[in-house]
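Here is a short briefing to read alongside the structure. It begins at the contact between chains and then moves to other features.

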2 protein chains.
Amino acid sequence: MATLGAPTKKHKVTVVGSGNWGSTIAKIVAENTKAYPEIFEEDVQMWVYEEEVTLPKDSKNFDASADGPQKLTTVINKYHENVKYLPNIALPKNIIANPSVVDAVKDSTILVFNLPHQFIGRISKQLEGHILPFARGISCIKGVNVTSSEISLFSEWIGEGLGIYCGALSGANIANEIALEKWSETTIAYDPPAIDSRAPTPSSSQINLTITPADGEHKDVRGRISKTELKALPADYPPLDHALFKTLFHRPYFHVRMVDDVAGVSLGGALKNIVALAAGFVDGRGWGDNAKAAIMRVGLLEMVKFGKEFFGHSVRAGTFTEESCGVADLITSCSGGRNFKCAKLAIERGVSVDEVEKTELNGQKLQGTSTAKEVNSFLETRGAVDEYPLFKAVIDILEGRNTVDDIPDLVARADA
Amino acid sequence: MATLGAPTKKHKVTVVGSGNWGSTIAKIVAENTKAYPEIFEEDVQMWVYEEEVTLPKDSKNFDASADGPQKLTTVINKYHENVKYLPNIALPKNIIANPSVVDAVKDSTILVFNLPHQFIGRISKQLEGHILPFARGISCIKGVNVTSSEISLFSEWIGEGLGIYCGALSGANIANEIALEKWSETTIAYDPPAIDSRAPTPSSSQINLTITPADGEHKDVRGRISKTELKALPADYPPLDHALFKTLFHRPYFHVRMVDDVAGVSLGGALKNIVALAAGFVDGRGWGDNAKAAIMRVGLLEMVKFGKEFFGHSVRAGTFTEESCGVADLITSCSGGRNFKCAKLAIERGVSVDEVEKTELNGQKLQGTSTAKEVNSFLETRGAVDEYPLFKAVIDILEGRNTVDDIPDLVARADA
């Protein structure tokens with residue numbers, strides 16, 4: 001019984017990326033597009049960076065005739081398993097692996113970005129002119145881009161590149177646990193400028209997400225989107241609001257809380273890695289659970305302060321202290337995350353964190369060490385280094401100017 | 001060069017209690033009374049429940065002639081070690097162990113309570129009429145007293161019993177780690193009614209700490225103190241304010257933050273034990289770090305809500321989300337605390353938590369199970385059980401009405 005003006009079109013969803021976390025998110029999304037056929041097209045496109053894989057011979061899951069290397073997209077579409085990046089997890093059959101990113105996003109209204117941040121620039125270029133102008137994005141890429149002069153969010157970078165609005169998803173989300181449908185929570189931030197299908201394109205005065213750059217003038221961050229003309233979603237689609245995104249991502253084993261604070265959600269996923277290094281330092285020193293908890297508490301407060309200071313009123317303290325993307329993600333990272341483990345090993349062995357990274361990580365890079373360095377130079381430009389004694393202690397320990405034993409004294413100055 | 005009205009007297013400190021945590025706090029306090037001789041009398045009295053101990057024969061620390069059982073106070077005063085409750089830790093020589101609680105508190109202006117809560121009533125009775133009427137207390141006893149009709153803080157109970165004001169100390173404080181001078185933090189709440197030595201005894205209108213009992217009427221909690229006549233500290237003592245208590249308790253390895261929120265500090269130390277049971281449940285179920293972090297996040301929010309709902313405006317959310325007594329203590333309890341461990345074992349073995357308590361704890365009792373039960377009956381009286389889905393899930397799992405697998409669904413209802 002369609003009434004005048006009721007949605008007649010369905011949202012088409014594409015997941016851009018198919019690693020461990022990308023495949024897990026595609027699984028979640030595809031379960032929901034199937035569960036809500038009145039809102040979404042059932043098939044979910046998943047862009048896969050094409051490569052050749054050889055199937056394990058002894059597995060009952062695969063065709064005995066499958067000999068020699070095969071294309072990863074072919075394998076995913078035939079066996080519904082990402083054998084390379086998420087092995088032994090059955091993917092929904094409505095995930096369609098696609099080696100062409102341009103073809104994968106065709107006619108999609110919802111683009112979910114879940115790929116290593118190094119690829120954002122290239123992919124955005126490839127997609128230019130190929131996406132629906134009124135599409136919306138969600139970035140599942142953790143972290144932020146920090147230089148000495150500015151901080152930009154990956155979601156902004158994507159949004160700017162494509163001329164669309166892009167929100168962010170982040171939480172205490174170890175992909176393998178979620179793929180096994182072990183319960184977890186996440187936070188999605190989505191707060192587009194106030195236009196809808198019935199309203200005109202917003203003026204820049206409606207855009208209020210700001211950072212304070214070194215020169216002291218406020219800069220319009222969401223302006224990156226307003227430079228292009230943000231297009232309203234046609235009225236024949238269901239509105240792209242908090243309720244819709246919750247419907248797309250929430251599962252019985254993956255609980256979603258929606259917020260407006262895109263900057264807070266994104267910063268949490270970056271700054272926690274600095275804190276995790278500090279937690280590893282004190283644990284490696286043998287100081288036990290009291291000290292680890294103290295590091296997390298002090299780190300959480302510096303995260304809040306950083307968000308408030310450089311992203312102004314758009315950041316809520318509660319995003320850090322109450323949401324999965326804040327305190328919960330911090331706790332998992334300080335419990336068994338890679339930054340924590342490497343920092344702990346470094347202290348136990350009496351070597352540098354860089355040394356541990358080289359010997360233990362198989363060529364992979366630690367996020368925390370580069371974030372600590374970038375955040376430090378960002379703070380130096382602003383003359384604000386001393387207001388963040390824990391962040392400063394971490395870079396000073398990494399670079400040999402302090403030792404772990406100095407931490408209590410260094411952070412105490414903040415309370416003095 | 002004394003000026004007119006400058007303090008001429010020093011504070012005398014007594015620690016009431018000498019267990020593991022009591023002896024550790026006495027060590028801290030005695031280090032500071034020695035470090036600040038212009039404010040404190042150097043000697044710190046420590047009340048010790050007298051018992052007989054036998055010294056280990058093979059230790060070089062003890063006199064070879066020390067044969068047979070000796071009095072614990074004698075041993076502490078001779079060897080400066082609490083061989084029974086804090087072995088192998090050198091105590092400062094200015095701790096004076098005293099078997100008479102009445103004698104130990106004589107002329108003391110600062111009473112630090114650190115003993116099992118079961119003894120509060122008896123000790124208060126014994127002390128009646130023997131303390132300085134203008135003394136002040138700090139309770140290091142974790143938890144609160146909950147019945148179906150009301151919640152009272154241990155600090156209030158002590159304050160009421162003795163007719164003095166009593167604050168509270170709580171944090172992520174595993175005593176053995178602190179005794180070894182491994183770095184940790186704590187929170188001290190101290191917010192006496194607004195009198196000082198130059199002001200008259202306050203009227204009850206100045207007393208604003210309230211709880212909302214079942215009948216909906218606000219009840220004056222701090223009124224327990226105002227029932228007696230709270231006596232002002234004479235002007236010849238240094239004022240007993242935040243700065244003074246920080247001086248008394250802060251050490252390079254034990255960092256103190258002072259707050260006003262006595263109820264928040266006390267509630268944190270009690271409610272965290274319910275959350276730790278839930279963390280043990282999901283960990284025992286094999287759900288991993290995401291789920292554990294989710295439990296802590298949800299639990300922290302229920303702690304804040306509980307404080308706000310039943311202790312009104314006197315409770316600050318930040319006491320839970322930003323202080324050692326809140327988020328940090330919660331993290332340590334959910335990492336390796338006794339409630340966490342027993343709940344985890346119960347799920348792994350498929351037996352009840354009570355069963356694990358019996359077989360694993362050597363007759364000691366779990367705080368979490370009784371707090372879960374008491375808080376539940378308190379909430380039932382108020383018809384508020386459903387507003388605390390995690391607290392409810394814990395008691396329902398303990399009593400067999402739900403299983404761990406129900407947790408995600410039960411807590412999701414709060415966000416629906």
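In this predicted model, B:R297 and A:E185 form a salt bridge, with 2.6 Å between their closest N and O atoms. Across the interface of chain B and chain A, the rule finds two salt bridges. It also finds twelve residue pairs in polar contact there, counting pairs with both residues at pLDDT 80 or more.

**Which elements of chain B touch chain A**

- On the side of chain B that touches chain A, the elements giving two or more residues include helix 6 (175-179), strand 11 (184-189), strand 14 (254-259) and helix 10 (288-311) of chain B.
- Helix 11 (317-322), helix 12 (324-336) and helix 17 (407-412) of chain B are also among them.
- Helix 10 of chain B gives the largest share of that side, with twelve residues.
- By residue type, the side of chain B that touches chain A divides into 21 nonpolar, eleven polar and eleven charged residues.

**Extent of the interface**

- The contact draws 43 residues from chain B and 42 residues from chain A.
- Interface size is often expressed as the accessible area lost when the parts come together.
- Between them, chain B and chain A bury about 3500 Å², and 62% of this is on carbon and sulfur atoms.
- Of the area that chain B buries against chain A, 23% comes from B:W183, B:N290 and B:R297, more than from any other three residues.

**How the two copies are related**

**Within chain A**

- UniProt, in an unreviewed entry, lists residues 261-407 of chain A as "domain: Glycerol-3-phosphate dehydrogenase NAD-dependent C-terminal".
- Over residues 261-407, chain A is 76% helix and 0% strand, and the end C-alpha atoms lie 31 Å apart.
- A search of the whole structure finds 40 salt bridges over all chains.
- One of the salt bridges joins A:E51 to A:K84, whose closest N and O atoms are 2.8 Å apart.
- A:E51 sits in the loop between strand 2 (40-47) and strand 3 (52-53) of chain A, and A:K84 in the loop between helix 2 (72-79) and strand 5 (95-98) of chain A, so the pair ties together parts 33 residues apart in sequence.

Technical notes. Residues are numbered from 1 along each chain as its sequence is written. Chains are lettered from A and ligands numbered from 1 in the order in which they are written. This is a predicted model: local features need pLDDT of at least 70, side-chain atom pairs count only at pLDDT 80 or more; totals for chains, interfaces and linings use all residues. Side-chain values use heavy atoms; hydrogens and water are left out. Contact means heavy atoms within 4.5 Å. Buried area is the accessible area (1.4 Å probe) that two parts lose on being put together, summed over both. A salt bridge is a side-chain nitrogen of Lys or Arg within 4 Å of a carboxyl oxygen of Asp or Glu. A polar contact is a pair of N or O atoms within 3.5 Å; within protein, one must be able to donate a hydrogen and the other to accept it, and residues adjacent in sequence count only if both atoms are side-chain atoms. Helices (H or I, at least four residues) and strands (E, at least two) are DSSP runs, numbered from the N terminus. Ala, Val, Leu, Ile, Met, Phe, Trp, Tyr, Cys and Pro count as nonpolar, Asp, Glu, Lys and Arg as charged, and the others, Gly among them, as polar. UniProt positions are given in the numbering used here, feature names are shortened, and annotations may be inferred rather than shown by experiment.
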